[in-house]
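Subject: Structure for you to look at

Hello,

Here is the structure you are taking over. Please open it first, then read the notes below it.

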Amino acid sequence: NGDLASGSGDKTIKIWKKNNFELINTLNGHSNDILCLAVLKNGDLASGSQDETIRIWNTNSGILRITIYAEQVVFSLLIERENLIAGYYQADPNIYNISLIYENIKEREKNFCSSRQDGYYPNIKNDCNLN
(Lines give C-alpha, C1' and ligand atoms only; values in the text may rest on other atoms or scores of the structure.)
Protein backbone atom coordinates (compact mmCIF):
# COMPACT_ATOMS: atom_id res chain seq x y z
CA ASN A 1 0.00 0.00 0.00
CA GLY A 2 3.02 2.28 -0.19
CA ASP A 3 3.70 2.58 3.55
CA LEU A 4 7.15 2.02 5.04
CA ALA A 5 8.05 -0.64 7.61
CA SER A 6 10.97 -0.82 10.02
CA GLY A 7 12.03 -3.54 12.42
CA SER A 8 14.27 -2.90 15.38
CA GLY A 9 16.04 -4.07 18.49
CA ASP A 10 13.07 -3.12 20.63
CA LYS A 11 11.23 -6.20 19.23
CA THR A 12 8.67 -4.11 17.34
CA ILE A 13 7.81 -3.38 13.75
CA LYS A 14 6.68 0.13 12.99
CA ILE A 15 4.53 1.05 10.01
CA TRP A 16 4.99 4.63 8.76
CA LYS A 17 3.24 6.81 6.19
CA LYS A 18 5.64 7.30 3.32
CA ASN A 19 4.83 10.92 2.60
CA ASN A 20 5.30 12.39 6.11
CA PHE A 21 6.78 9.54 8.20
CA GLU A 22 3.82 9.59 10.58
CA LEU A 23 3.66 6.44 12.71
CA ILE A 24 0.58 4.44 11.71
CA ASN A 25 0.95 1.23 13.71
CA THR A 26 3.30 -0.73 15.95
CA LEU A 27 3.32 -4.51 15.58
CA ASN A 28 4.27 -6.52 18.67
CA GLY A 29 4.92 -10.24 18.88
CA HIS A 30 8.60 -11.01 18.50
CA SER A 31 10.56 -11.77 21.66
CA ASN A 32 13.94 -10.58 20.34
CA ASP A 33 15.48 -8.19 17.81
CA ILE A 34 13.92 -8.01 14.36
CA LEU A 35 16.61 -8.45 11.73
CA CYS A 36 14.77 -8.47 8.41
CA LEU A 37 11.51 -7.68 6.67
CA ALA A 38 10.00 -8.65 3.30
CA VAL A 39 6.74 -7.53 1.69
CA LEU A 40 4.63 -10.32 0.19
CA LYS A 41 2.76 -9.81 -3.08
CA ASN A 42 -0.57 -9.44 -1.27
CA GLY A 43 0.82 -6.64 0.94
CA ASP A 44 1.35 -8.73 4.07
CA LEU A 45 4.71 -8.31 5.79
CA ALA A 46 7.11 -11.10 6.76
CA SER A 47 9.52 -10.44 9.64
CA GLY A 48 12.53 -12.47 10.72
CA SER A 49 14.02 -12.28 14.19
CA GLN A 50 16.67 -13.41 16.60
CA ASP A 51 13.82 -15.21 18.39
CA GLU A 52 14.12 -17.85 15.62
CA THR A 53 10.72 -17.13 14.10
CA ILE A 54 9.28 -15.73 10.91
CA ARG A 55 6.01 -13.93 11.41
CA ILE A 56 3.48 -12.92 8.76
CA TRP A 57 1.51 -9.75 9.50
CA ASN A 58 -1.44 -7.95 7.99
CA THR A 59 -0.10 -4.41 8.11
CA ASN A 60 -3.51 -2.78 7.57
CA SER A 61 -5.03 -4.38 10.67
CA GLY A 62 -1.83 -5.08 12.60
CA ILE A 63 -2.91 -8.70 13.08
CA LEU A 64 -0.30 -11.45 13.29
CA ARG A 65 -1.47 -14.02 10.75
CA ILE A 66 0.97 -16.88 11.43
CA THR A 67 4.25 -17.71 13.14
CA ILE A 68 6.75 -20.03 11.47
CA TYR A 69 9.25 -21.59 13.86
CA ALA A 70 12.55 -21.49 11.96
CA GLU A 71 14.58 -22.90 14.90
CA GLN A 72 17.48 -20.63 13.87
CA VAL A 73 18.09 -16.89 13.98
CA VAL A 74 16.58 -15.46 10.78
CA PHE A 75 19.06 -13.05 9.19
CA SER A 76 17.41 -12.46 5.83
CA LEU A 77 14.13 -12.89 3.97
CA LEU A 78 13.61 -12.86 0.22
CA ILE A 79 10.48 -13.20 -1.89
CA GLU A 80 11.26 -15.14 -5.06
CA ARG A 81 8.32 -16.05 -7.27
CA GLU A 82 5.98 -18.02 -5.01
CA ASN A 83 8.52 -18.66 -2.27
CA LEU A 84 9.65 -17.02 0.93
CA ILE A 85 13.34 -17.78 1.40
CA ALA A 86 14.87 -17.44 4.87
CA GLY A 87 18.60 -17.06 5.32
CA TYR A 88 20.56 -18.11 8.40
CA TYR A 89 24.10 -17.82 9.74
CA GLN A 90 26.25 -20.75 8.53
CA ALA A 91 23.25 -22.83 7.49
CA ASP A 92 21.41 -23.56 4.27
CA PRO A 93 18.39 -21.36 3.58
CA ASN A 94 14.85 -22.65 4.02
CA ILE A 95 12.34 -22.22 1.24
CA TYR A 96 8.69 -21.81 2.23
CA ASN A 97 5.97 -21.99 -0.40
CA ILE A 98 3.81 -18.91 0.09
CA SER A 99 0.66 -20.64 -1.19
CA LEU A 100 1.07 -23.39 1.42
CA ILE A 101 1.58 -20.77 4.14
CA TYR A 102 -1.71 -19.12 3.19
CA GLU A 103 -3.54 -22.45 3.01
CA ASN A 104 -2.41 -23.01 6.60
CA ILE A 105 -3.58 -19.52 7.58
CA LYS A 106 -7.01 -20.06 5.97
CA GLU A 107 -7.43 -23.42 7.72
CA ARG A 108 -6.51 -21.92 11.11
CA GLU A 109 -8.87 -18.97 10.59
CA LYS A 110 -11.68 -21.32 9.53
CA ASN A 111 -11.18 -23.54 12.58
CA PHE A 112 -10.96 -20.54 14.91
CA CYS A 113 -14.10 -18.96 13.52
CA SER A 114 -16.16 -22.15 13.55
CA SER A 115 -15.14 -22.94 17.12
CA ARG A 116 -15.68 -19.44 18.57
CA GLN A 117 -19.23 -18.60 17.50
CA ASP A 118 -20.39 -18.68 21.12
CA GLY A 119 -19.91 -14.93 21.59
CA TYR A 120 -16.75 -15.24 23.69
CA TYR A 121 -15.00 -12.84 21.32
CA PRO A 122 -17.22 -9.79 20.81
CA ASN A 123 -15.80 -8.98 17.36
CA ILE A 124 -15.86 -12.52 16.01
CA LYS A 125 -18.56 -11.73 13.45
CA ASN A 126 -16.47 -8.92 11.99
CA ASP A 127 -13.24 -10.92 12.13
CA CYS A 128 -14.70 -14.06 10.58
CA ASN A 129 -17.41 -12.61 8.32
CA LEU A 130 -20.08 -14.69 10.05
CA ASN A 131 -23.74 -13.72 9.79
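Strands here are DSSP runs of E with at least two residues, numbered from the N terminus. Two strands pair if DSSP finds at least two bridges between them. This is a predicted model, in which local features need pLDDT of at least 70, side-chain atom pairs count only at pLDDT 80 or more, and totals for chains, interfaces and linings use all residues. Residues are numbered from 1 along each chain as its sequence is written, and side-chain values use heavy atoms, with hydrogens and water left out.

An open sheet is formed by 4 strands, in the order 4-5-6-7, with antiparallel pairing. Strand 4 (34-39) and strand 7 (63-69) are at the edges with a single partner strand each, so one side of each has no neighbour in the sheet. Strand 4 pairs with strand 5 (residues 45-49) in the antiparallel sense over 5 bridges. Within strand 5, Leu 45 is the residue opposite Val 39.

Arg 55

Arg 55 lies in strand 6 (residues 53-58). Is Arg 55 buried or exposed? Its relative accessibility is 11%, so Arg 55 counts as buried (buried means under 20% relative accessible area, exposed over 50%, partly exposed in between, with a 1.4 Å probe and protein chains only). Leaving out residues up to four places away in sequence, Arg 55 touches several residues, including Gly 29, Leu 45 and Thr 67 (contact means heavy atoms within 4.5 Å). Arg 55 and Thr 67 are 12 residues apart in sequence, and their C-alpha atoms are 4.5 Å apart in space. The side chain of Arg 55 also reaches the backbone oxygen of Gly 29 at 3.3 Å.

Regards

Conventions:
A polar contact is a pair of N or O atoms within 3.5 Å; within protein, one must be able to donate a hydrogen and the other to accept it, and residues adjacent in sequence count only if both atoms are side-chain atoms.
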